[in-house]
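Please keep the sequence and the 3D view side by side while reading.

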Amino acid sequence: KLLYQLLFIYDHANPLNITVNMEKLIQCPVFSLPDPQWYPARQSIRLDPKGKSLKDEDVLQNLPVGTTATFYFRDLGAQISWVTVFLTEYTGPLLIYLMFYFRVPFIYAPKYDFTTSKHWVVHLACMCHSFHYVKRLLETLFVHRFSHGTMPLRNIFKNCSYYWGFAAWMAYYINHPLYTPPIYGEQQIRLALIIFLFCQIGNFSIHIALRNLRPPGSKTRKIPYPTKNPFTWIFLLVSCPNYTYELGSWLGFTLMTQCVPVAFFTLVGFIQMTVWAKGKHRSYLKEFRDYPPLRSPILPFIL
């Protein structure tokens, strides 16, 4: 019914302009175009060509417009659900790592096909790596609640290249027949295992806390605070402790394996998570005037 009140002007070289009679549509939520080519997930409706997209829950009467307003439509391109992306990018590393662990043919020399390493740290590393990605898959299915249902299709290729490529690089060296254990032996491995498990539990605890802030089907944003769970007390000092614990997990895995590709993966991941954490921290400060001032994005008092 909304379409009867709209004037569409489309130019292939420019965004689609939409002129709306605000007096008639004052109580209506922001609309979408009923075109199979532009399904709602790939539509971006804006008040300004260079501005941010309007949210699905925005109401016309609350927007800074007069009796007549011009909206700008942009095609976001093919979209894919976040769940599908996460399941794909996390399943890959799990299976790829296991291929190297079991030494399937054509990876190492033929005499090593389907053999096992003589070092127990290699088996422990495989269990930790598998545990991490199984945990991620289960969280994707049963824990995470996404504020946006989809993301650009092209991202799945970028994300999978990152996760799958690093998994193969790490697994090749950790499971290599010539791999040597860490310098300080069992003490180093046990310390690394404690760090890894501690941070995995912490990461899961933060994901549960963030999930509980958002009711099912809601896009409500609230300030996260510590709960009775001690692993959430880091919220006192950090805006994105899930990234802090994630970094700790990979630092533990690096210490456990003493492998350069793992260290490089940890460094790259830390840089990317820092970018995300700073962005979320700025959003919190902008959205909530009473946001705790002592919090840092990812590392307490440092970063």
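Which exposed residues does the face of α4 turned away from its buried side carry? That face carries R154, F157, K158 and S161, where exposed means over 50% relative accessible area, buried under 20% and partly exposed in between (1.4 Å probe, protein chains only).

## Basis of the model

This is a predicted model, in which local features need pLDDT of at least 70 and side-chain atom pairs count only at pLDDT 80 or more, while totals for chains, interfaces and linings use all residues. Residues are numbered from 1 along each chain as its sequence is written, and side-chain values use heavy atoms, with hydrogens and water left out.

Helices (H or I, at least four residues) and strands (E, at least two) are DSSP runs, numbered from the N terminus. The buried residues of α4 include N155, I156, Y163, F166, M170 and I174.

## The nonpolar core

A nonpolar core is a set of buried Ala, Val, Leu, Ile, Met, Phe, Trp, Tyr and Cys residues joined through side-chain atoms within 4.5 Å. The largest one has 36 residues, of which Y97, Y133, I174, F253 and M256 touch the most other members. Among the helices that each supply at least two residues of this core are α2 (82–101), α4 (154–174) and α6 (241–257).

Leaving aside neighbours within four places in sequence, I174 is in contact (heavy atoms within 4.5 Å) with Y97, V122, A125, Y179, F253, T257, C259 and V262.
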